Amino acid sequence: MRIVIGAALAVFLAAGQALAVDVKPAVVYGTGGKFDKSFNEAAYTGAEKFKAETGIDYRDFEPTNDTQGEQALRNFASRGFNPVVGVSFAWTTAIEKVAKEFPDTKFYLIDSVVQMPNVRSVVFKEEEGSFLVGLLAGMKSQTKKVGFVGGMDIPLIHKFECGYAQGAKAADASVEIFQNMVGSTDAAWNDPVRAGELTQAQFDQGADVIYAAAGASGLGVLQKAADAKKFSIGVDSNQNYLHPGSVLTSMVKRVDVAVYSAFKDTMDDKFEAGVVALGLADGGVDWALDEHNAPAVTAEMKEAVEKAKAEIIDGTVMVHDYMKDNACPF
């Protein structure tokens with residue numbers, strides 16, 4: 001798995017021109033919208049990086065429901081686009097169907113797994129990055145009460161929440177953790193008003209740091225925290241800049257690298273089917289520190305989180321993966 005991430009992060013080296021012209025990439029985003037400043041926008045950033053470096057354009061589509069997503073995947077494949085990237089667990093069934101119909105097309109699925117000879121599935125160890133930001137939340141909290149607002153109520157988002165809870169408890173075993181989900185349908189990814197309401201309810205219970213893992217809905221969490229002069233934690237993209245001083249950190253998930261790698265590996269004839277799982281050791285997840293949040297992160301916090309990161313990578317600290325047993329012991 002390190003080979004895949006390494007190729008994506010390496011300095012671009014042009015492949016043969018004849019091979020490059022055969023690449024016709026396409027992206028189907030999740031239903032939260034391309035410019036959600038989080039998950040989908042990270043995918044867009046990766047596609048744009050590839051375009052800037054190679055001069056090869058791509059097509060993309062923003063579906064608003066599952067039916068549109070499947071139609072877009074099929075439409076791109078039928079028009080000769082290759083590779084076709086599905087940016088969401090929501091496209092699992094759709095890619096199973098469409099990849100079978102177009103066996104010569106290379107498909108990439110982000111955040112879920114389809115075992116087919118023309119599909120590469122890219123998943124992340126979100127629990128590892130979430131542990132780190134949970135540790136920071138537990139150390140930063142003055143009330144010893146922290147919160148989590150997830151998007152759609154699915155195992156993947158509970159995976160974020162469970163890693164966060166483990167990290168917060170590692171900071172202080174007495175920390176209390178509140179958690180809410182925005183909803184149980186695709187609309188949960190794009191409802192910042194509801195997310196803001198849940199955030200306020202957690203503040204009312206005493207939370208003073210809240211982690212948002214909710215796509216575009218998470219923007220409501222970050223805004224509410226800034227208004228209340230409390231702390232939020234961003235997700236997927238580095239969201240520290242959105243409310244400098246209020247966003248404690250962001251759990252960065254390198255969806256941009258996954259999309260860039262999908263395009264470039266196909267162009268370089270390096271496509272391999274199977275599952276790639278990216279964690280801290282691969283640079284697939286991390287915590288974000290920059291000029292926007294540095295004043296809020298003490299030297300003690302930074303030392304603790306870097307120590308935890310090293311211990312997770314070397315196996316000293318094992319972070320529970322909610323999706324292995326659909327349970328969280330923390």
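The model is predicted. Helix α3 packs against α10 with their axes 6 Å apart, and α6 packs against α11 with their axes 10 Å apart. The largest pocket holds about 380 Å³ of space, and the largest cavity holds about 250 Å³.

**Helices α3 and α10**

- Helix α3 spans residues 39-54, and helix α10 spans residues 255-267.
- The two pack at an angle of about 40 degrees. That angle makes α3 oblique to α10.
- The crossing of α3 and α10 is right-handed.
- On the α3 side, the contact is made by Phe 39, Ala 42, Ala 43, Thr 45, Gly 46, Ala 47, Lys 49, Phe 50, Glu 53 and Thr 54.
- On the α10 side, they meet Val 255, Asp 256, Val 259, Tyr 260, Phe 263, Lys 264 and Met 267.
- By class, the residues of this contact of α3 with α10 are 10 nonpolar, 3 polar and 4 charged.

**Helices α6 and α11**

- Helix α11 covers residues 299-314 and packs with α6 at an angle of about 155 degrees. An angle over 145 degrees counts as roughly antiparallel, so α6 is roughly antiparallel to α11.
- The crossing of α6 and α11 is right-handed.
- From α6, the contact uses Glu 128, Phe 131, Leu 132, Leu 135, Leu 136, Met 139 and Lys 140.
- From α11, the contact uses Glu 300, Met 301, Ala 304, Val 305, Ala 308, Lys 309 and Ile 312.
- The contact of α6 with α11 has 10 nonpolar and 4 charged residues, with no polar ones.

**The largest pocket**

- The space in the largest pocket is about 380 Å³. It is lined by 20 residues.
- Closest to the pocket centre are Lys 125, Glu 127, Lys 159, Asp 321 and Lys 324.
- Four elements each supply at least two lining residues: β5 (119-124), α6 (126-140), α7 (155-171) and α12 (322-325).
- Helix α6 gives the largest share of the pocket lining, with 3 residues.
- The pocket lining splits into 10 nonpolar, 2 polar and 8 charged residues.

**The cavities**

- The whole structure has 2 cavities of 30 Å³ or more.
- The largest cavity contains about 250 Å³ of space. Its lining has 22 residues, and those closest to its centre are Phe 39, Phe 89, Asp 111, Trp 189 and Gly 215.
- Helix α3, helix α7 and strand β9 (231-236) each give two or more residues to the lining of the largest cavity.
- Helix α7 makes the largest contribution to the cavity lining, with 3 residues.
- The lining of the largest cavity has 11 nonpolar, 6 polar and 5 charged residues.
- Phe 39 takes part in the α3 contact with α10, and Phe 39 is also among the residues closest to the centre of the largest cavity.

- Most residues other than glycine have a negative phi, and most peptide bonds are trans.
- The peptide bond from Asn 82 to Pro 83 is cis, with omega near 5 degrees.
- Pro 83 sits in the loop between α4 (66-78) and β3 (84-87).
- Lys 144 is not a glycine, yet its phi is positive, at about 60 degrees.
- Lys 144 belongs to the loop between α6 and β6 (145-152).

Methods. Residues are numbered from 1 along each chain as its sequence is written. This is a predicted model: local features need pLDDT of at least 70, side-chain atom pairs count only at pLDDT 80 or more; totals for chains, interfaces and linings use all residues. Side-chain values use heavy atoms; hydrogens and water are left out. Axes are lines fitted to C-alpha atoms, for helices over the stretch in contact, and angles run from 0 to 180 degrees between N-to-C directions. Angles under 35 degrees count as roughly parallel, over 145 as roughly antiparallel, 65 to 115 as roughly perpendicular and the rest as oblique. A crossing is left-handed if the near helix is turned anticlockwise from the far one by less than a right angle, and right-handed if clockwise. Contact means heavy atoms within 4.5 Å. Ala, Val, Leu, Ile, Met, Phe, Trp, Tyr, Cys and Pro count as nonpolar, Asp, Glu, Lys and Arg as charged, and the others, Gly among them, as polar. On a 1 Å grid over the protein atoms alone, a cavity is a set of points where a 1.4 Å probe fits but cannot get out, and a pocket is an open set with protein on both sides within 12 Å along at least five of seven lines; lining residues have an atom within 4 Å of a point. Grid points are joined across faces, edges and corners, and a volume is the space filled by probe spheres set on the points.
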